Amino acid sequence: MSTVIEAYGLRKDFTVRVRHGRLRRTKRTVAAVDGVDLTVERGELLGYIGPNGAGKSTTLKMMTGILTPSGGSVRVCAMAPVPQRRRLARHIGVVFGQRSLLWWDLPLRESFDLLRHIYRVPADEHAARLRRCRGLLDLDEFLDTPVRQLSLGQRMRGEITAALLHGPEVLFLDEPTIGLDLLSKQAVRGFVAELGAGGDTTVVLTTHDLNDIERLTRRLVVIDHGRVVHDGTLESLHQRYGSTRQVVVDLAEPLAGPVDMPGATLAASEADGHRLTFALDGVGAGELVARLAAVASLRDLSIVEPDIEDVIARLYRSPQRAPDSPPVTGEIVVADGPDGGPTRP
Amino acid sequence: MANPYLALLRAQTRAQASYRTSFAVDVVSSTAATVFDVVTVLVLFRVTTSLGGFSVREALVVVGLSACAFHAADLAVGEIEKLRHYVRTGLFDTVLVRPLRALPQLLLSNVPLRVLGRVALGVVVLVVALVLAPIEWTPAKVVLTVVAPLAGAVFFGAMFVATSTVTFWWIESGEIARSLTYAGRDLTTYPITVYEGLFRRVFAFGLGFGFVAYYPALALLDRDDPLGLPGWLAWMSPAVAVPAVAVAALCWRTGIRHYRSTGS
């Protein structure tokens, strides 16, 4: 395995003007990204999540050469993104959910052709990649429609294709499913999953939709206030924050004796003991069910997966996440903000 | 495989052509605006026979040189004024993720073909002025007739780019950037002798606008400078264009590093 993305102590400071009364303004520096360390290996599918303003997009923009870091170092495909921006651009693909990278007035087909010239892709490679995307993303019905007339879902499928036609080593997806209907979301997810399964393309995905994360990524990096607060699997996140799978059983008769199952704790007992809920804490669901079946007759059973949204919400609220982070809550007023309100609730 | 920049230019030309009617209206209206520039000068000469010491036929040479230089620059880089929009909305991101130079990419995505009419009109005005004016042609003057508008165009182009970069530091920079370039252009339309003191010193000599049309026109017309400066200043237009381009390039490179990518 080789390392595709390396960031050490990566930071980005923005200067905001703080308004005091009518005229007095003072400048103040806010760290949007505050010392991010991250290594991504080739072929990984990484979910990069965090609340609004946590620094997700800013990190991505430093990795793609759009923003100049204020400190630390970042290398993508062994290149420094800003100084080697044009060279790096040939090795990465970028999709912004909120911003089109296609040409508004051109049909998709012509946009794709233009990209072939821009990235200097040999015609046969280009054709092969386009054929694959056309099949997987159902592009054929709107390939000759100008981009401005496409629906959001169609456009996003076009955007993803456009980002892949030059065969990038890394694909950055910044909220690719935002605003999409369920079918389009599934199409995009299915495609990204397929891409990840190939193992050649590294994918970095930022999203607000935690379903994207559950379906797609094995590794999850959570960022808040510009810092990485979790880096690991979804399961380790659940473990760390005490959210566990639950087994709910309906019994024919309530258990006579005390309910004692090692490796699981009784979370609830309802309907006079007819319905029991166990939180798994070290024991597998199957084993627990087997043990229960040995002492009682089961009428029904279900396994409840932990709700990732709850975990993430708890993570964002968790007070110990960044003890020395700057106290930005409710103090800073961005001078040129639309409503002059605080940047963070 | 086509050059990527040419491919961009071709694509955006096709895109503009997809709005054929509005394109035709654009060409006509923007050309009409230039006609007014010429008419303004002619109207001035209805109330006076001499403008800053120049007859109407001489003054038209200045108008023609200035118009050719400015409109050629406007065609090539005029759409840089869109930069403000690109930076404010964060659209500039889309420029930076491509494996192409940012400035040519931005310009080629927005070449205002409607300005072609103005460039053509500028050339017509210059040719007519050169025919009407009392010029004794020499090989050097022929060269100057070609070099001066080109150097002037480069100079205006550099002004456009340099002033537009203000937006990287100050997103709400408004029309300040353009007003500087347009004030300079207005200055080049007339003999600089019509302007007074400080304004003339700052724009004509400090910023170099005087070398775009006025001094080359003096040389073509074999006139001495009423301000008493030497005749070789006619050839200064390339000399001021080069540092102007250097300053513009520096502003651009520094500006890009300050891009904040606002909006998501």
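Helices α5(A) and α6(A) cross with right-handed geometry. The model is predicted, and the packing described here is computed from it. In chain A, α5(A) spans residues 152-164 and α6(A) spans residues 182-198. Their axes come within 9 Å and cross at roughly 20°. Angles under 35 degrees count as roughly parallel, so α5(A) is roughly parallel to α6(A). On the α5(A) side, the contact is made by A:G153, A:M156, A:R157, A:I160 and A:L164. On the α6(A) side, A:S184, A:A187, A:V188, A:F191 and A:L195 take part. By class, this contact has 7 nonpolar, 2 polar and 1 charged residues.

In chain B, helix α2(B) covers residues 20-47 and helix α7(B) covers residues 116-132. The two axes come within 8 Å and cross at roughly 30°. This angle makes α2(B) roughly parallel to α7(B). The crossing of α2(B) past α7(B) is right-handed. From α2(B), the residues in contact are B:S30, B:T31, B:T34, B:V35 and B:V38. They meet B:G117, B:R118, B:L121 and B:V125 of α7(B). The contact of α2(B) with α7(B) comprises 4 nonpolar, 4 polar and 1 charged residues.

Helix α2(B) also packs against helix α3(B), which runs over residues 56-77 of chain B. Here the axes lie 11 Å apart, at an angle of about 160°. Angles over 145 degrees count as roughly antiparallel, so α2(B) is roughly antiparallel to α3(B). This crossing, too, is right-handed. B:T34, B:V38, B:V41, B:L42 and B:F45 of α2(B) contribute to the contact. Their partners in α3(B) are B:V56, B:A59, B:L60, B:V63 and B:H71. The contact of α2(B) with α3(B) divides into 8 nonpolar, 2 polar and no charged residues. Within α2(B), B:T34 and B:V38 meet residues of α7(B) and also residues of α3(B).

Attention then turned to the interface between the chains. The size of an interface is often given as the accessible area lost when the parts come together. Chain A and chain B bury about 3000 Å² between them. Of this area, 56% is on carbon and sulfur atoms. Chain A supplies 32 residues to the contact, and chain B supplies 31 residues. The count of salt bridges between chain A and chain B is 2. One salt bridge joins the side chains of B:D93 and A:R99, with an N to O distance of 3.3 Å.

Terms used
Residues are numbered from 1 along each chain as its sequence is written. Chains are lettered from A and ligands numbered from 1 in the order in which they are written. This is a predicted model: local features need pLDDT of at least 70, side-chain atom pairs count only at pLDDT 80 or more; totals for chains, interfaces and linings use all residues. Side-chain values use heavy atoms; hydrogens and water are left out. Axes are lines fitted to C-alpha atoms, for helices over the stretch in contact, and angles run from 0 to 180 degrees between N-to-C directions. Helices (H or I, at least four residues) and strands (E, at least two) are DSSP runs, numbered from the N terminus. Angles under 35 degrees count as roughly parallel, over 145 as roughly antiparallel, 65 to 115 as roughly perpendicular and the rest as oblique. A crossing is left-handed if the near helix is turned anticlockwise from the far one by less than a right angle, and right-handed if clockwise. Contact means heavy atoms within 4.5 Å. Ala, Val, Leu, Ile, Met, Phe, Trp, Tyr, Cys and Pro count as nonpolar, Asp, Glu, Lys and Arg as charged, and the others, Gly among them, as polar. Buried area is the accessible area (1.4 Å probe) that two parts lose on being put together, summed over both. A salt bridge is a side-chain nitrogen of Lys or Arg within 4 Å of a carboxyl oxygen of Asp or Glu.
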